[in-house]
Every structure is written in structure tokens, then in C-alpha cells.
Amino acid sequence: MLKKKFIIMAAMIAMLFSANLYSQELLKNSDWSTLNGSKPADWRFINYGGKSVVKLTTEKLNAQPVAVIESKQIDGRGYLGQNRKIAIPVGKNVIFSGCYRTANVALGPKGMLRVEIKYNKDSQDKEFSKRYQAILLKPSEKWQKFESVKTLDVPVKKFSALFMLYKGTGELYFSNLSLKIVESVSKINPQEKYIWREAEAINKSLLLSTWGKKQPNYFSGRGGIYVEKEPVKWHFRIKSEVNEQTLLPTTRNYFVWLRMYGYMDRPAIAVTFNRKQISSFKTKPNEQVDSNGKYAGPGKYYWQQAGSFRSSGGSGNLTLTPQGRMLLDAIVITTDSKYAPMQYEARKVALKNFFTDLKTAHTIKSEYKVYGISDQITTPLNFLYYGKIVKIPGNKKPAIMHISLPANIKIKNISSHWAGKTWNRPTRWGDKYLTWKQTGTEVIDGIKQLKYEIYLYCLSLRYTLFIQADKDTLQRDSKFSCKYFLEYKGKKQLVETVPLHTVVMKPTTTFKTILIGPAGGNAAAFYEEFPDIAANMAFSGLNVINAWHIKPNISEQRWQQFRKQCMQHKIAILGELSPFYGAFRVKDPQYQAVNLNGKRDATRPALYLENNNPAFRKNLDYLTKQGQQGVTGMVLDDEHFNQKIDEFDYNPLTKALFKQYIAKHGLSYVDPVVIVKDKTKYAAQYKVWVDFKCDRMVERYRQYRQAYLKGFAEAPSSTTFGRKLFVAQIFKNNSPVESKTNSYWDYKKLATVCDYISPMIYTYGGIKDSALIGDITEMYNNYIGRNVIAPTLLCEHSGSGGIDLAQKKMFKYQTIEALMQQSKLIMFWKGAAVYNPINLQYISEAIRWTAPYEKIILNGNEYKGAVSPQQWVRIKGLKLDNHILLYVANYRNLQSKTATINFKSPIKSVLEIGTGQELINNNNSFTVSFKSDRGKLFLITQ
């Protein structure tokens, strides 16, 4: 009896504690009303290394005090912090919120404004392992609210709250900070979204349990699915939504609830979303037990909170992995953080098509998030195919790609990766491949749409629609959309939408010598099918194409038409070879590369070069054939040995060559495997081993170049405009030394056999990383001793290479950065993305600014006579005669600011090139504003 009373009392205390916990603020002294001296009690105001000041101000926000972090040094940092020990059960939703504003903020490298909650900091206990809840703040001179909701998937013992200005200058203000448990309700909120799935509808192959069907409302639907230590997987596609104002995807928090049966043995369940664990819990035991703890009768289903995730749409995979038995009735996913289901109330309001089960293995998806549309140039609208390659016989029903476009946007052509309207490879795909027609009209939101059907006899890789707006009916600054879905064997994917945003493209004069254009893209399926491509490029200022897979033997007529229009508009054509993929496999073991463990690799040729090596010979023959087409040059997209460091090559033939090589350097031969395994002991030999590998790569390129020139000498016609270029397009490293040891590339030696070296300098951080282009180009040029670097820059590519709309001006800034380092060739990966007007407008603007000053770019000397007292200003100058081309940039100061530019010697005039405005020369200085642009170009006359 005493034990029973104790249990009841403990339960009452727990209920009382729970009620108090969930109604109170978890941050102690959150309103900063209690002071300890000049600082709030229970809070830490951290002045890191004396480089910042953290204090309360006299300001109030909603009657609450305001604190500020002030930093006057670019590497300064300051923090507001609080640590607290407190127990929070697993599965609770925690809402973390507050208000902030900034003033004069400029961030240095790796700088950020961040707020975070770190749960169970420094815990070594797996049950109480560390978790984060964090938000990156964007500078704002007006007060903004931040908020984050997280489902705790581990029980919490303590937390640490931190509010920080990290590595930057300026002021960061905070007020109304809060951390609370979200109080649960079972009431439906009409503003939120609810998704309901019966478990048996997700996987029909699993065992269906209908036990308890005679009891009212015992389970939902036809019953529950039963598994034992077998994962339950639900594949779906979340509807993509786009904010009409920003054109950025709408990202939502989703909260997962499972209706499960409560087994007494409490089996553990792990929950993952897209392979990332979002929750782990033990099943609640609600089966009946006797006095000995044995099973005494059935239990019931209950609702279990099972974590949360964030998504902006697209494919999703929710996986439940039990460590024992699991009986699952239904799943609810909702955007409502407060909602806790009681019974089946969410089923009545659940959305039918917001989450679409992926029961079909064939879908298409727009390659990019948003496209520009113009009446001046054509837009390639790209779609990627997801699923197994399917070849459909010509006597069977094809797959259908459904497209709906506004009536004032016309389809000019359609092609795929393997075929287009005017060419095909019947021996590979059959007589039928790709046809299309308009099938009807519809009106959506008052806009007339044209409906098309594209008939596909092969599902593979990608499809491109070449579209252009009608000049007479296009409205400037308008937003449209393209709707699409794939249908195959009666199964249709969810209708998807990709935004189309009108872009005003301006005519742009191209450079005469400097080449700028796209890299990548199947020549026959993309470039040769692109309507009026050369005219589009000339209009936009582009003058070179690095086209892949130029094979006139497939379509001689199409190639000649393509070549002719490029010549007419003075567009240079560069061919491409990827040596790794070109060789494909090295069948003869004696020519295969050998790794450090002695294993031969059939996918890699040895550094020992022999023309009888079929894989190497295949590359040489391909280069000769490319030369025979009269292309302006060859670009070798060669990531073959990149970042392999000491992994290759220990082939006996390579070792024999190294033995001869090291003898010429006056050193005794040691087996390269022994050298690499003890670099300290054999430091001198290791240096020679690295040089040897770099020399072998240079010899490889010398033979590549000879093969191209041999073919070019036999070309019946040319696209060279008097130039024959040979370009190594290779992976960048952090330094020339690292490039040698990591990738077997010595830029200085490689420059003796290449006209240009094109490191792939891709930046994914947006505008703030634009300086890297100039810095890396300058570093390698200085090492080589002349301006040979011709960078390949990131425009955009599918997957992780997408660039947010607000960051796309980086294409302009990075183009100018490369030009200010006197690069004579700039290529952008990826080809199709360059022609998207929403991207191309910025590349064109950079060309429009700089092309009139090509002589200064090509022949000018570096100018360092301009300085600024603002340390965050970036200045690059080139001088020719009495003219200075000056680029002034502000990539990291995120506020609208001005800067002063001072000159060490007298100047006569300052012309802002972008606006054509003459600026005031105030005692050999002028003021530049970054309000409209983060990079400004000026012509200075002395």
C-alpha cells in the first residue's frame, strides 16, 4: 500500500513539475530585470579578447531592455550567453525566439551573426548526446524577429544559449529573448498543413493486422502493418512552393506523429528523414500486466511524436527502423508545432496532394529553381529524369512529358541528351525517339496557357525546351510559371511548377581578343539544337563555346550549320576531352596504374606512357579527330589524378622510369612505395618523386597537344580566327605546392605546353566569396611568372551547385575579378545555366562594363596607388598610359555603406563606368556608394 501511495505521489509531483515547466520561461531572468552590478543576473556578457563590448543599453523594445554587442575590429567577437541545468523530456517541441537589429555590420572571413541553443553540451552519455538549435541572422537596420522550433529527440539535462557577433565589426542588438516548451493542443489550425497516411497504404507487401476490429475506433483504416526488426520506408514527394516576391523556395518545418501499438517490451524505434536521424524512442508500454509483470491482456494504439525536419519540397524518405516488434496504424505530418493528435481529427482536413507517394519509378524535375524569360534571347528550360533508363519500342505507347506554358511564351525546339527534332541514333534508340505537339489550352489565374505533350521513346538523363517570349505581348517585370509532369504506363507524377521571371537583356559588345563563354553541354543535343545560338551569344556579349562531344560523323549537316553560324558571329568553338572518361578502361594490366597497396586499377592508365597503350592511344586519336574539325582549341577537362596525393602510381614500368629520373638528380634509387611510407627519412627522394610525377603529366599533355595540332593541320575548315588554343582545365588546390603533391600538377611546367591553364574555381557561398577568384588567379599567375590562368567559374549546376537569387550578382563580380587579373579566357560551368537569362544578365553586364577597356586589361600594369581607410574595401587596379581601370568592391560589409578612395598621386577625373556618372574629385579622392552594387568599376584619368 505504501509503495502504491508513493507511486501516486511521484506521479502528482511529476505532473506538477511538468505543468510548471511547460508554462514558464526556460531562460532564467529572460527580461533582464534582475541585475548583478551592471549586468543581468544569470547571464554571461562575454568580451572576447578585449575586441568587443557587450552591455545593456538605455533603449527599450516592447518595454523590454535591449543589449548590444559592439565590435570595432574585423576579427572582433562578442557573446551573450546562459547555461542552465534543467530536465526536458524527449519528444517535446522547444520554441526559441527573440528580436534583433544591426548597425554598421561588416563581417570578415568566416564571420557571422548567430544564435544557438546547445543541448547537453559536452555530454558523453549517448542517451543525452549533444544537439543544436541554431539560426544565422541577416543584417537589418530595422528590428526583426527570429524564431525556431525543434523537436527534442533526446532527453535534455542542460542547455547552453549563445547570441553572438563573430568576426566582424558593428553593433548587434538583442531583446525579448525566449526559450519555451510549445504547449500541445489537439485543435486543428486552418492556417497549417496536415498530411495523413494510413500505414497499410504505404507498403502493401507488409503483414496487415486487423486485431481489435470489433472495437469502435480501435484503429484507423483497414488496420495496422506489423513488422519485426524490419524497416518501414515511405517515399514521397513534397510539393515545391516558391515565394512569389523573392522567387526562392518556401522552406517549412514538418512535425511527425506515429499512431502505434504499445507493446509491453518497449522496443526502440529509430526515425530518419532522408537518411538523417530525426528521432529515437522506446515504444510506450500500455499492454496489461499481472502482478508478476507478465502479459495479461491487449493494449491500445497511442500517438507518438517522432521528430521534425525541414524541407523546401522535393523527394523525401521517412524510414522507421524498430529494434523489435512494431505495429503501425497511421502517420501524421504537420506544419503545426503545437498540434498533438488525440484521435483522427487530422484525417478530416488532411491535404491529398501535398505529399505524393512515389509509387512510380519515373519522374522529371526542373534542373534549376527559377528561369529567366526574355523576348531578346532564347531560354533553355532543362528537365532532369530520375529513374532507370527505359527504351520503349516504337510499336508501344511512349512516355509523355506534359508541359503547360503561358500563351506568350513559345517553344522553339525540344531536344534530349541523346536526340533532337532533326537528329537521332536509330542503331542505339530505334526509329522513334522524341516528337511533340500542342494539345490544347487552359486558363490559370486569368492567364491563357498552351498545353503540350512530348512523346518519349527513351527515358534517360535530361530534356531541354528552348523557349522565348513574344516581343509584342511580353510584359516587363512579370512572373509566369511552367507546369509539368511525366506520365508513363498510366502513372502520373504530381504536377510541378517552375517560376519564369522576365529579364530585360541589353545588347552587349563582345571582346575582340578576350574569350568569355560557357563550358559543358552535349554539342549535338544542346548547341546544335539551340535555335539562333550564335546570334543569342553575340547579343549577350559571349564569344566562345566549350562544346562537348563534337562528332560531325553523327550529324555532319547539323555540325556544319552550327559551325557556320558561329563563324558568322565570331564565336570561337573549343572542343573537349575528359581523358579519364575518354580512355574509359585500361584493359592491358601492364598499362594499368597501381596503387600504394599494389592493387592495379583498370580505370586509370599508368604514368608510364606508351603509344601502344590502347587507352592512351584512344585519347590521342580523339584529339586528332577533334583537330580535324577545325575547332579553335581543345579543353582537357582532366580531374583524373586530382586529389589522389600518394595513391598512384607504382606500376613497375613507372618505377623503372623513376629509377632513371632520380639518377639524373644525383640521388640513390629507393622504391617509391618505401619513399612515400617514410617521407621524413626520404625527404629528398620524395621531392624528386613528386617532380617526376608532375613531369610525367606534362609529357602526357605534350603528346595530347601534338595530337590536336596534327589533326588541325588536316582540317578542311577552321573556327580559329587565327588562334589554336590548348587548355588544361583542372581542379584547383590551395597552393602551387599542394597542387603538385596532391594532383601531380606543376602549373609552371604545365604552362610550357598549354596556352592557358583553367583551374575550376567554384564558389558556393555567394557574393561574399567573390574575392577568391582574383586571389587564386593572382596566386597561380605569380607562381608561373606570367598571366596564363584562365579560370572556369561556377555559374550554376544541378544538385548542390544552385545559387540563390539574391547571390547571382556574383557572376558579374567574379567575371570582373578574373579580368582584373588579366585573364584572356573565362569559362563558366555549366553550359545550360549560362544561357538562363536570370544568370546571363550579370555576365553580360560585366562584359558591357569592361569590353571598351580591353586594351587596359590586356596591356595594363598592376596599379596600387589607390587605398581606402575602410579595411573591408577591396581595390584592384590596372594602369595603361594615363588611364587607370579601378575595381572597388565590398563583398562582406552587408550594410549599405560608402567608402573613401584616396590616391597617392594626383588624378584629374573619375568616371563610374556602370552609370556613366562623373564623380567629384575631392583633393585626389572620391566617395563610392555600395547601395546599388557591391562591386563598382571606375576609369581614372591622371
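Biologist: Which residues of α15 are buried?

Modeller: In α15 the buried ones are M810, F811, K812, Y813, Q814, T815, I816, E817, A818, L819 and M820. Buried means under 20% relative accessible area with a 1.4 Å probe and protein chains only, while exposed is over 50% and partly exposed is in between. Before we go on, this is a predicted model, where local features need pLDDT of at least 70, side-chain atom pairs count only at pLDDT 80 or more, and totals for chains, interfaces and linings use all residues. Residues are numbered from 1 along each chain as its sequence is written, and side-chain values use heavy atoms, with hydrogens and water left out.

Biologist: OK, so why is helix α15 largely enclosed by the rest of the structure?

Modeller: Because eleven of the eleven residues of α15, which covers 810–820, are buried. Helices here are DSSP runs of H or I with at least four residues, strands are runs of E with at least two, and both are numbered from the N terminus.

Biologist: What happens just after α15?

Modeller: Q822 takes a positive phi there, of about 65°.

Biologist: Switching to pockets: how much space lies in the largest one?

Modeller: About 1400 Å³. A pocket is an open set of points on a 1 Å grid over the protein atoms alone, where a 1.4 Å probe fits, with protein on both sides within 12 Å along at least five of seven lines; lining residues have an atom within 4 Å of a point. The volume is the space filled by probe spheres set on those points, which are joined across faces, edges and corners.

Biologist: How does the lining divide into nonpolar, polar and charged?

Modeller: There are 17 nonpolar, 15 polar and eleven charged residues. Ala, Val, Leu, Ile, Met, Phe, Trp, Tyr, Cys and Pro count as nonpolar, Asp, Glu, Lys and Arg as charged, and the others, Gly among them, as polar.

Biologist: Now sheets. What is the strand order in the open sheet of four strands?

Modeller: The order is β24-β26-β33-β29, with antiparallel pairing; two strands pair if DSSP finds at least two bridges between them. β24 (363–366) and β29 (409–416) are the edge strands, each pairing on one side only.

Biologist: Over how many bridges do β26 and β33 pair?

Modeller: Six, in the antiparallel sense, between residues 379–386 and 462–469. N382 stands opposite T464 in β33.

Biologist: What about the sheet with six strands, what order does that have?

Modeller: That open, antiparallel sheet runs β47-β49-β50-β55-β52-β53. Its edges are β47 (861–863) and β53 (917–919). Three bridges join β52 (residues 909–912) to β53, and V910 has L919 as its bridge partner in β53.

Biologist: Last one: where does L607 lie?

Modeller: In the loop between β41 (600–605) and α8 (614–628). L607 counts as buried, at 0% relative accessibility. L607 and M697 are 90 residues apart in sequence and 7.4 Å apart in space, C-alpha to C-alpha.
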